[in-house]
Amino acid sequence: MIPAPTMPAPNALGRYTDADLERFRRHAEICKVLTDPKRLMLLDVLRDGERSVGDLAEAIGASLANVSQHLGVLRHAGLVDTRRVATSIRYRLSDPTIIEACEAVDRVVRSRLQLSEVG
């Protein structure tokens, strides 16, 4: 198993730099986008490849308008890209490593669910 990359520690004085603060700000922005279950579902569906809005709406059981709205948020955050095919727009993950982050959180959730079932 490949060890997970770690976030850099503060500098030798124990202080974070402006660059560190900017990195954490961007990290927080992405985390905010990932707080909606439907957006997480959309990312999960897109792990298998690009899809149209209609395909995505059907896959997660939501309306076209609602899925379009969520895709707009994901696109604005830089998590999905689009490609035009004739009259259709296809969506895909802009950086598939986001799935690794989602899977890490999912392992924590599943572990906690198992613990709550036992207790």
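**Close-up views of a predicted model**

**View 1. Helix H4 and its packing partners.** The buried residues of helix H4 pack against helix H1 (18–33), helix H2 (37–46), helix H3 (53–60), strand S2 (80–85) and strand S3 (88–93). Contact means heavy atoms within 4.5 Å. Helices (H or I, at least four residues) and strands (E, at least two) are DSSP runs, numbered from the N terminus. This is a predicted model, in which local features need pLDDT of at least 70 and side-chain atom pairs count only at pLDDT 80 or more, while totals for chains, interfaces and linings use all residues. Residues are numbered from 1 along each chain as its sequence is written, and side-chain values use heavy atoms, with hydrogens and water left out.

View 2. Asn66, Val67, His70, Leu71 and Leu74 are buried in H4. Seen down the helix axis, the buried residues of H4 fall within an arc of 130°, so they line one face of the helix. The arc is that of the directions from the helix axis to the C-beta atoms. The face turned away from this buried side carries the exposed residues Leu64, Ala65, Gln69 and His76. Buried means under 20% relative accessible area, exposed over 50%, and partly exposed in between (1.4 Å probe, protein chains only).

**View 3. Length and end of helix H4.** Helix H4 (residues 64–76) has 13 residues, which should span 18 Å at 1.5 Å a residue. The end C-alpha atoms of H4 are 18 Å apart, which agrees. The expected span is 1.5 Å times one less than the number of residues in the helix. Just after H4, glycine 78 takes a positive phi of about 80°.

**View 4. A salt bridge between arginine 47 and glutamate 103.** The two side chains meet at 3.1 Å, N to O. Arginine 47 lies in the loop between H2 and strand S1 (51–52) and glutamate 103 in helix H5, so the pair ties together parts that are 56 residues apart in sequence. Arginine 47 is partly exposed, at 37% relative accessibility, and glutamate 103 is also partly exposed, at 30%. A salt bridge is a side-chain nitrogen of Lys or Arg within 4 Å of a carboxyl oxygen of Asp or Glu. The structure holds 11 salt bridges.

**View 5. A network of salt bridges.** Glu50, Asp55, Arg83, Arg90 and Arg92 are linked in this network. One of its pairs is arginine 92 with glutamate 50 (3.7 Å, N to O). That pair links distant parts of the chain, with arginine 92 in strand S3 and glutamate 50 in the loop between H2 and S1, 42 residues apart. The side chains of aspartate 55 and arginine 90 also meet in a salt bridge (3.8 Å, N to O). Aspartate 55 lies in helix H3 and arginine 90 in strand S3, so this pair ties together parts that are 35 residues apart in sequence. Aspartate 55 is partly exposed, with a relative accessible area of 30%.

**View 6. A nonpolar patch on the surface.** Val105, Val109 and Leu113 form the patch, with about 260 Å² of accessible area together. Valine 109 is placed in helix H5 (residues 98–118) and counts as partly exposed, at 41% relative accessibility. Patches are made of residues with over 30% relative accessible area and no salt bridge; like charges are joined within 9 Å, and nonpolar side chains (Val, Leu, Ile, Met, Phe, Trp, Tyr) within 5 Å. Accessible areas come from the Shrake-Rupley method with a 1.4 Å probe; for residues, only the protein chains shown count as cover.
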